[in-house]
Amino acid sequence: MNTPTNVDALALAAHRDDIEITCGGLLIKFADLGYRTGIVDFTAGEMGTRGSAEDRAAEAAAAAHVLGLTHRENLNMPDAKLDNTLANRMAVATVLRRLRPRLVILPHWRQRHPDHRVAGEIAYDACFLAGLKRMDLPGEPHRPRKILYTAFLRFTKNTPRPT
Ligand SMILES: [Zn+2]
């Protein structure tokens, strides 16, 4: 699943399983319709309390098959310590230039887990940087045309709605 290739839709998130939980069904639907889909996991999930990073890697590979992904990769950023740094934005912008998705799916900016919120911020900013012609990044400039947001929020009558 690490063969670099273009994708139509790319989901980006902090942890292996975030995408499966928030929009796995959408990615299956896209794949069924013939679109090329991908996932970029920012961390290996080494801080997770249910299983190891190795367990997560095996599960992510199995999920990639079930989801019908064209591509999946992990950026090995530090789990539970994500920061919206220039280095992280540039790393994600480099991936966006390589994979050239028309649609990206990002975590919504209102999230309980700081990594989820920050991952969305990194990816949003990277979408802009990837399109700058003079940015010192490999590859040709590329900016996704559409952004969708996912959320982990479980809505109840008392849950503030994202604005
Ligand atoms: Zn997560």
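Biologist: Which residues is alanine 119 in contact with, leaving aside its neighbours within four places in sequence?

Modeller: Alanine 119 touches Leu12, Ala13, Ala14, Phe42, Leu82 and Pro107. Two residues are in contact if their C-beta atoms, placed from the backbone, lie within 7 Å. This is a predicted model, where local features need pLDDT of at least 70, side-chain atom pairs count only at pLDDT 80 or more, and totals for chains, interfaces and linings use all residues. Residues are numbered from 1 along each chain as its sequence is written.

Biologist: What makes a residue of H4 buried, and which residues of H4 are buried?

Modeller: A residue is buried if 20 or more other C-beta atoms lie within 10 Å of its own, exposed if 12 or fewer, and partly exposed in between. In H4, Asp115, His116, Val118, Ala119, Gly120, Ile122, Ala123, Ala126, Cys127 and Ala130 are buried. They pack against strands S1 (9–13), S2 (37–43), S4 (103–107) and S5 (146–150), and against helices H1 (18–32) and H3 (86–99). An α-helix has 3.6 residues a turn, so residues three or four places apart point the same way.

Biologist: Why are these stretches called helices and strands, and how many of each are there?

Modeller: The names come from DSSP runs, numbered from the N terminus: a helix is a run of H or I with at least four residues, and a strand is a run of E with at least two. By that rule the protein has four helices and five strands. From the N terminus on, their order is β-α-β-α-β-α-β-α-β.

Biologist: How do you know what span to expect of helix H4, and what span does H4 reach?

Modeller: The expected span is 1.5 Å times one less than the number of residues. H4 (residues 114–130) has 17 residues and reaches 24 Å from its first C-alpha to its last, close to the expected 24 Å. H3, with 14 residues, reaches 20 Å, close to the 20 Å expected.

Biologist: What makes two strands a pair, and what is the strand order in the sheet?

Modeller: Two strands pair if DSSP finds at least two bridges between them. The five strands form an open sheet in the order S3-S2-S1-S4-S5, with parallel pairing. S3 and S5 are called edge strands because each pairs on one side only. From one strand to the next, the twist averages 20°. S1 and S4 run parallel and are joined by three bridges, and alanine 9 stands opposite leucine 103 in S4. S4 and S5 are also parallel, over five bridges; isoleucine 105 has leucine 148 in S5 as its bridge partner.

Biologist: Why is S4 described as largely enclosed?

Modeller: Four of the five residues of S4 are buried, so the rest of the structure largely encloses this strand.

Biologist: At what angle does H3 run to S3, and how is such an angle defined?

Modeller: Axes are lines fitted to C-alpha atoms, for helices over the stretch in contact, and angles run from 0 to 180 degrees between N-to-C directions. H3 lies across S1, S2 and S3, at about 165° to S3. The buried residues of H3, including Val92 and Leu96, pack against S1, S2, S3 and H4.

Biologist: What makes a group of residues a nonpolar core, and which residues have the most contacts inside the largest one?

Modeller: A nonpolar core is a set of buried Ala, Val, Leu, Ile, Met, Phe, Trp, Tyr and Cys residues joined through C-beta atoms within 7 Å. The largest has 35 residues, and Ala11, Leu12, Ala119 and Ala123 have the most contacts inside it. S1, H1, S2, helix H2 (53–67), H3, S4 and H4 each give two or more residues to this core. H4 gives the most, with seven residues.

Biologist: Why does the radius of gyration agree with that of a compact globule?

Modeller: The radius is taken over C-alpha atoms, and the globule rule is 2.2 Å times the number of residues to the power 0.38. For 163 residues the rule gives a value near 15 Å, and the protein has 15 Å, which agrees. Its C-alpha trace spans about 45 × 30 × 30 Å along the principal axes. Of the 163 residues, 37% count as buried.

Biologist: What is the phi of asparagine 76, and is this residue buried or partly exposed?

Modeller: Asparagine 76 has a positive phi of about 55°, although it is not a glycine. Most residues other than glycine have a negative phi. Asparagine 76 lies in strand S3 (residues 71–77) and is partly exposed, because 13 other C-beta atoms lie within 10 Å. Alanine 80, in the loop between S3 and H3, also has a positive phi, of about 65°. With 14 other C-beta atoms within 10 Å, alanine 80 is partly exposed.
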